[in-house]
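Student: I have a new structure to read. Can you take me through it feature by feature?

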Amino acid sequence: MELGSRIVRTDVACTVCGCVCDDLRVTAEGGRIVAAEGACDLARPWFLGQTSHIDGRPELNGIPVDWDVAYARAAAILKAARAPLVYGLSRSTTEGQRAAVALADFLGATIDTTASSGHAPSIVALQQVGESTCTLGEVKQRADFVLFWGCDPVATHPRHIERYCPPAAPIFVVDSEETATAKIAEILLRIPPDRNWDALWTLRMLAKGIACEASPELVALAARMKAGRFGVVFFGSGLTRGRLAHRTVEALLQLVTDLNDHTEPDTRRRFYARRLRRYGDIAGADSVLTWQTGYPFGVNFATGYPRYNPGEFTAPELLARGEVDAALILGSETIFDLPSNAQAALRDLPMIVIGGARPTEDEGRGTLFFPTAVYGIHRPGTAYRMDEIAIPLRVLLPSDSPSDADVLGEIHRRLSGTV
Ligand code: SF4
């Protein structure tokens, strides 16, 4: 809708977190966004900070350079590298992720996403145990039991409960501390991080009716789980930290299988466990890597075909072992997901950063930065919500600046000698 120089767009999608809420009403005027109705406290400053003017030229070591010089420099860095790493991806969209995979394949590089510092143990567990999936829409329409385990959506995904949980469904929380979500929950069950696995196996036995030693709280929780007709557990970093975190997530997924494996003829109980994903398109990064390479993260092309091995081909470990000689980062903010020793290793490497905020002086020797248009603000694109539903992103402030896919494509063309 256009009102003079004001443009009002409805059903706008937000990619600030994995909820990808697509019901915002955004007003643009004079080349900037002046209102974002429906945006939460995390999203509003991000929208209101967007303008149609994308801050200028690429930078090398903080000094502005021409685009042609920057492309030549990026191609030279990657051509000289014997073990390059392409990392990040979760603040991009399908278009940028696909271009990143193509370039990594051409280079024989390793490509990895922020999943390796987040839900990697969950993905490994899913590969072992399998997953019953449901959409957030199904949760909203059908759930009568909602549990948040090791996550705090009120703080990290402020509209998750409003948008995706039925108002009548009681909220349960399992966590080691009283989080913001715990304050609005019917029940908070405090479990220290190193006891999650024990608690989940106890719940498995209770779900199967096997006699065991269990606290009254766990007995009550198991009873509420079994009484539900549609239950869902959203889980986060509280379950995915620690050396054997994949075993803990496996236990949760097996509990879900147990709850679905029942014989009561008058019950049609359905149970699910779903990851609470942090970035707006981390689910898309998993999906694009999987459909292009067969694997969701930590993929190495050095032998000419994709190889997958978490721990061997994942960015935190590769950087800590000093096995990377150049890095291409898609989305500057994804650097901060890496552990501190990996960030320190990155600072000593020639680094190309595409998109996101301009890196500061301390963020890397020889950093080459390309500013890019933002998907869902300046360019259309596709992001995947945390339940793997594709959400289209529309243009709010048109811009001629290149997207990250354009920058990656140009570097790829220069390396392959087609320009
Ligand atoms: S909950 Fe997440 S996706 Fe929804 S408006 Fe807030 S930041 Fe954006």
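Student: How much area do domain 1 and domain 2 bury between them?

Tutor: Keep in mind that this is a predicted model. Buried area is what two parts lose in accessible area on being put together, summed over both. Here, domain 1 and domain 2 bury about 490 Å². Of that area, 55% is on carbon and sulfur atoms.

Student: Which residues make up domain 1 and domain 2?

Tutor: The domain assignment gives 59–118, 280–373 and 399–416 to domain 1. Domain 2 covers 120–275. The centres of the two domains, taken over C-alpha atoms, are 34 Å apart.

Student: How many residues of each domain are in contact?

Tutor: Eight residues of domain 1 are in contact with seven residues of domain 2.

Student: How many salt bridges and polar contacts does the rule find across this interface?

Tutor: One salt bridge is found across the interface. Four residue pairs are in polar contact there.

Student: What distance goes with the salt bridge of Arg 275 and Asp 286?

Tutor: A salt bridge needs a side-chain nitrogen of Lys or Arg within 4 Å of a carboxyl oxygen of Asp or Glu. The side chains of Arg 275 and Asp 286 meet at 3.6 Å, N to O.

Student: Now the sheets. What is the strand order in the open sheet of five strands?

Tutor: Read across the sheet, strand by strand. The order is S11-S10-S9-S12-S13, and the pairing is parallel. Strands S11 (187–190) and S13 (270–275) are the edges, each pairing on one side only. Neighbouring strands are turned by 15° against each other on average, direction ignored.

Student: How many bridges join S9 and S10?

Tutor: Four bridges, in the parallel sense, join S9 (residues 145–149) to S10 (residues 171–175). Phe 148 has Val 173 in S10 as its bridge partner.

Student: Which helix lies across S12 and S13?

Tutor: Helix H12 (residues 245–260) does, running at about 160° to S13.

Student: What is the pairing in the open sheet of nine strands, and what is the strand order?

Tutor: The pairing is mixed. The order is S6-S5-S18-S17-S16-S7-S8-S14-S15. S6 (63–64) and S15 (307–308) form the edges. Within the sheet, S16 (residues 326–330) and S17 (residues 351–354) pair in the parallel sense over four bridges. Ile 329 stands opposite Val 353 in S17.

Student: Which strands do helices H2 and H16 lie across?

Tutor: Helix H2 (residues 67–80) lies across S5, S7, S16, S17 and S18, at about 130° to S18. Helix H16 (residues 404–416) lies across S16, S17 and S18, at about 140° to S17.

Terms used. Residues numbered from 1 in each chain as written. Predicted model: local features only at pLDDT ≥ 70, side-chain atom pairs only at ≥ 80, totals over all residues. Heavy atoms only, no water. Pairing = 2+ DSSP bridges. Helix = DSSP H or I, 4+ residues; strand = E, 2+ residues; numbered from the N terminus. Axes fitted to C-alpha atoms, helices over the stretch in contact; angles between N-to-C directions. Contact = heavy atoms within 4.5 Å. Domains from an automatic or database assignment. Buried area = accessible area lost by both parts, 1.4 Å probe. Polar contact = N/O pair within 3.5 Å; in protein donor to acceptor, adjacent residues only side chain to side chain.
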